[in-house]
Amino acid sequence: MNSRGIYIAVDIGTSKVCAIAAEPDHEDILKVVGLSSSPSTGLRRGTIVDIEATAKAIRTALDDIEASAGIKAGQITVGIAGEHIASLNATGVIGIADLSNRGLEKELKITQEDVDRVIESAKAVGLPNGRRIIHVIPQQFTVDDEAGLRNPVGMTGRRLEAQVHLVTSATASTKNIITAVRHAGCQVKDFVLEPIASAQSVLTEEEKKVGVGLIDIGAGTTDAIVISKFGVEHTVSLPFGGNQVTSDIAGILRITDEQADELKLKFGHCFTAETEVDKVFDVKGVGGRQDRNINESEFSMYIEARMDETLRMVKANLEENGMIKHLNSGLVFTGGGSKIPGIIPLAKRVFDLPVRLGNPIGFIDTTERIDSPEYATATGLIAYAAKFQSEETSRYDSGTLARLFKTITDFFQKNF
Ligand SMILES: Nc1ncnc2c1ncn2[C@@H]1O[C@H](COP(=O)(O)OP(=O)(O)OP(=O)(O)O)[C@@H](O)[C@H]1O
Ligand SMILES: [Mg+2]
């Protein structure tokens, strides 16, 4: 936490760095006291490739929120995503009777220590060199033959099993984030996988209980998370997003990426059946080429092809991982890429599930600027910080890499 009980988070995205400051207002509501985005040029597909450019973008966004909130940013919560992220489900097992000081049957009660121990054993998957675990999220516990337990503390048994969801990242990529944040004059308080953050700010309790998927279409990555009544079942960060749509348009119309992005934002649609065939717009020729008229329907066909492929690749990933069965309340879309008109009918056609856009909930923002799916990650990071860091403020304060990666079991037991 920073001065005056204000939380600060930074979503370091491929197209924008978004800084947000918020303070708890009353129960479960956060009041946004600063919000700023600055263009990001130092990332490729969600991963930092230029530390100094990233540090500069972070500083620019922070300058703005420091001025509006009247504070100096110190420790910040940052999002992490990109191709270097890998996730898996793992199982750990321990014997409760193994502890030497417990001989009697009536004393075989499971303690928090046992839970910590079984989670440690679930983490003992052979990680390749250069990778770190960033999240260990308990899903369910089994005591002897009784499965599906959320919290086994106080139960009696001889065998304790834990199923967990592990998220790992490349150490080098993570260090680059720490360095960029340091060069911007701050320290990383916590790393949060971006779709885990987004889930915090846009999903309802009911959706999480029933089972839901969230898909964040950013500029350089498309991230997904699936949550069932047992918690986080699956996370993935895929290396494509709205930038690909932009470069398709630039390639087909032979214009610059900047021009293509502008046309996409102005005239773009990704469900051709909903567009009007006789509407046209001008495209300025580049490098001596003639200006042209483009039909909006034809334009939307280019976009629909890429967006359809993007959604099908996410669907294939969810199918491969056996996730479709958990999506009882459907899918929620976030990220700037989901703002393209036509996304709802297109996603319905691809997934054949209920679909909605995810705007942040549980915030007071007098400017109403956050009321948009591209702020799902930034607001989710703040929600995460407020829920978790207020409970144990000193947990990561030493700022060393090892401590940053300390597991956050308690948080996930309470919040997913
Ligand atoms: N109204 C809109 N219509 C179509 N596309 C849009 C619209 N608004 C934003 N986008 C696209 O959304 C993308 C940016 O989304 P977002 O801000 O969520 O990305 P990011 O967080 O910077 O990137 P990432 O999460 O992939 O690292 C860009 O490709 C942009 O062109
Ligand atoms: Mg993003």
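User: Let's start with the overall layout. Which domains is the protein divided into?

Analyst: Keep in mind that this is a predicted model. The protein is split into two stretches, with residues 86–169 forming one and 205–358 the other. Those are domain 1 (86–169) and domain 2 (205–358).

User: How many residues of domain 1 are in contact with domain 2?

Analyst: The C-alpha centres of domain 1 and domain 2 sit 39 Å apart. Even with that spacing, there is contact: domain 2 brings 7 residues to it. On the domain 1 side, the number is 7 residues.

User: Which element gives the largest share of the side of domain 1 that touches domain 2?

Analyst: Two elements give two or more residues to that side, β8 (131–143) and β10 (159–170). By class, the residues there come out as 3 nonpolar, 4 polar and no charged. The largest share is 4 residues, and it comes from β8.

User: Now the ligand. Which residues come nearest to ligand 1?

Analyst: There are 24 residues around ligand 1. Sorted by class, that shell has 4 nonpolar, 15 polar and 5 charged residues. The ones that come nearest are G13, T14, G218, G242 and G336.

User: How do α6 and α7 lie relative to each other, roughly parallel or roughly perpendicular?

Analyst: Their axes come within 8 Å and cross at roughly 110°. Angles of 65 to 115 degrees count as roughly perpendicular. The crossing, in which α6 passes α7, is right-handed. Given that angle, α6 and α7 are therefore roughly perpendicular.

User: What is the class make-up of the contact of α6 with α7?

Analyst: From α6, the contact uses V245, T246, S247, I249, A250 and L253. From α7 come D257, A260, D261, L263 and K264. Put together, they divide into 6 nonpolar, 2 polar and 3 charged.

User: α6 also crosses α8. Which residues of α8 does α6 meet?

Analyst: Helix α8 spans residues 296–320, and its axis comes within 10 Å of that of α6, crossing at roughly 140°. This crossing is right-handed. On the α6 side, the residues involved are Q244, V245, D248, I249 and I252. They meet Y302, I303, R306 and M307.

User: And how many nonpolar residues are in the contact of α6 with α8?

Analyst: Among the residues in this contact are V245 of α6 and I303 of α8. The polar class has 1 residue and the charged class has 2. That leaves the nonpolar class, at 6.

User: Last pair: are α8 and α9 roughly parallel or oblique to each other?

Analyst: Helix α9 covers residues 343–351, and α8 packs on it at an angle of about 45°, with the axes 10 Å apart. Only angles under 35 degrees count as roughly parallel. α8 and α9 are therefore oblique.

User: What classes make up the contact of α8 with α9?

Analyst: In α8 the residues are E304, M307, D308, L311, R312 and K315. They meet L346, A347, V350 and F351 in α9. By class, the contact has 6 nonpolar, no polar and 4 charged.

Key: Residues numbered from 1 in each chain as written. Chains lettered and ligands numbered in written order. Predicted model: local features only at pLDDT ≥ 70, side-chain atom pairs only at ≥ 80, totals over all residues. Near = placed C-beta within 6 Å. Nonpolar A, V, L, I, M, F, W, Y, C, P; charged D, E, K, R; others polar. Axes fitted to C-alpha atoms, helices over the stretch in contact; angles between N-to-C directions. Parallel < 35°, antiparallel > 145°, perpendicular 65-115°, else oblique. Left-handed = near helix turned anticlockwise from the far one by under 90°. Contact = placed C-beta atoms within 7 Å. Domains from an automatic or database assignment.
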